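Please look through the model below before reading on.

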Amino acid sequence: MISNDAKIGVIGAGTMGTGIAQVAATQGHHVFLYDAYPQQLEKSKAGLESILARQVEKERMTQKEVDGILNRINFVDNITGFGECGFVIEAIVEDLDIKKDTFARLEGIVSKDCVLASNTSSLSVAAISSALKKPERFLGVHFFNPAPLMKLVEIIPGIATDKQVFESTKTFIKSWDKITVSGKDTPGFIVNRVARPFYGEALRIYEEGIADAATIDWAMKEIGGFRMGPFELMDLIGHDVNYEVTSTVFEAFYYDPRFKPSFAQKRMVEAGWLGRKSGRGFYNYNDDTKNPEPTKDKQLGQKIFNRILTMLINEACDAVFMNIASVEDVDLAMQNGVNYPKGLLQWADEIGLKNVLDRMTALQVEYREDRYRPNPLLKKMVADGKSFYEE
Ligand code: NAI
């Protein structure tokens with residue numbers, strides 16, 4: 001059990017580590033935030049101070065609360081203090097060897113009951129745990145960016161994780177005012193797996209020349225109710241990052257064509273058009289006059305939205321079919337990890353599973369590609385006249 005007043009260790013003071021430290025300190029925990037690079041610690045501290053100062057300006061927090069949070073975070077350049085921690089989470093560079101080396105060193109310092117977690121997005125929990133003498137106390141605890149704002153945390157037990165460690169970590173993270181879901185230790189866990197078609201199918205529609213980026217974004221926002229269109233979102237995430245995740249998932253799934261990356265995105269990465277951060281992606285962020293207006297054709301928009309949503313629902317069905325997560329957790333994950341306007345399986349029920357299957361089958365008939373194969377669970381549920389959320 002992780003005690004309610006446990007001290008928390010965070011390794012890596014980058015985007016995620018700093019955010020997780022803020023969450024833990026806001027919940028009243030004493031936090032050790034470690035980074036191998038002193039300049040990163042300074043950057044992390046300055047960034048946090050400025051984020052919290054803004055909270056005071058906006059009257060969302062008092063100066064006293066902010067001082068409390070900052071006083072509870074110890075920015076440290078070594079991990080010797082981690083012996084006092086009840087829970088340690090790692091958020092360093094996404095490199096298996098470096099993570100393994102870090103955990104092997106850490107295990108020699110922490111107490112025997114300390115729970116160890118990784119915030120990895122794309123490495124397997126099993127692979128990281130192989131560095132530990134006691135892999136039973138290790139699991140994946142996957143926050144979303146920005147950690148203080150995003151409610152979702154995926155809790156991923158590895159094959160060696162002790163059931164009690166999993167349960168108590170889940171309860172503990174929930175007590176941080178987070179929504180937890182649990183998923184199997186498979187590529188992309190829940191969100192990064194189920195969300196692939198949001199980008200992949202949008203890119204495919206774009207590559208086929210059915211519509212331009214602005215029109216596809218318009219369709220997904222105006223007709224679908226998504227907060228951001230896929231191209232705006234990829235520009236925000238960065239094409240280097242998004243392409244890397246797609247390629248990793250594609251390889252990890254033994255080159256399943258459902259996850260095939262796109263040439264259009266690869267070219268953007270090669271050209272250095274990484275999105276917002278480089279001033280240029282699918283949109284031009286230096287000169288807005290160069291950005292095309294969407295073609296606001298309702299019929300075309302509906303067709304685009306139906307196709308992307310159908311592919312997303314098919315992927316959500318696969319996550320349930322392959323026992324990656326429960327129906328409820330898949331829906332919670334997409335609503336709270338990537339702000340989808342509705343749970344995909346709830347959406348499927350509302351559209352009617354037969355209609356979803358018909359749309360999927362039409363794509364398969366048109367393209368004759370394995371990418372468009374309807375999920376067996378969807379087919380079975382239609383044949384049995386079932387829905388995901390029965391009355
Ligand atoms: P980042 O690059 O912002 O931060 C990584 C930090 O780790 C840097 O401050 C770096 O100095 C430090 N570091 C590198 N090697 C280290 C070592 N050996 N020991 C101690 N510190 C070391 O990276 P970010 O984006 O925060 O990602 C961290 C982890 O979280 C990765 O595993 C990533 O896959 C995962 N993640 C990232 C998300 C995101 O949207 N950025 C979302 C969810 C998970």
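Predicted model: local features only at pLDDT ≥ 70, side-chain atom pairs only at ≥ 80, totals over all residues.

Residues are numbered from 1 along each chain as its sequence is written.

The protein has 17 helices and 8 strands; helices (H or I, at least four residues) and strands (E, at least two) are DSSP runs, numbered from the N terminus. With a radius of gyration of 22 Å, close to the 21 Å that the globule rule gives for 391 residues, the protein is as compact as a globular protein of that length. The radius is taken over C-alpha atoms, and the rule is 2.2 Å times the number of residues to the power 0.38. Along the principal axes, the C-alpha atoms fill a box of roughly 60 × 50 × 40 Å.

The domain assignment, automatic or from a database, gives domain 1 (7–185) and domain 2 (191–384). Their C-alpha centres lie 30 Å apart. Between them, 12 residues of domain 1 are in contact with 12 residues of domain 2, contact meaning that C-beta atoms, placed from the backbone, lie within 7 Å. On the side of domain 1 that touches domain 2, strands S7 (152–157) and S8 (179–182) are the elements that give two or more residues. S8 gives the most to this side, with 3 residues.

A ligand has 24 residues around it, of which Gly12, Gly14, Met16, Ala36 and Asn145 come nearest; a residue counts as near if its C-beta atom, placed from the backbone, lies within 6 Å. Helix H1 (15–26), helix H4 (96–107) and strand S6 (138–143) are the elements that give two or more residues to this shell. H1 gives the most, with 3 residues.

Strand S1 (residues 7–11) has 5 of its 5 residues buried, that is, with 20 or more other C-beta atoms within 10 Å of their own, C-beta atoms being placed from the backbone. In a regular strand the side chains alternate between the two faces of the sheet. In S1 both faces are covered, with Lys7, Gly9 and Ile11 on one side and Ile8 and Val10 on the other. S1 runs parallel to strand S4 (residues 85–90), joined by 5 bridges; pairing requires at least two bridges found by DSSP. Val10 stands opposite Ile89 in S4. S1 also pairs in the parallel sense with strand S2 (residues 31–34), over 4 bridges, and there Tyr34 is the bridge partner of Ile11.

Conventions
Contact = placed C-beta atoms within 7 Å. Buried ≥ 20, exposed ≤ 12 C-beta atoms within 10 Å, placed from the backbone.
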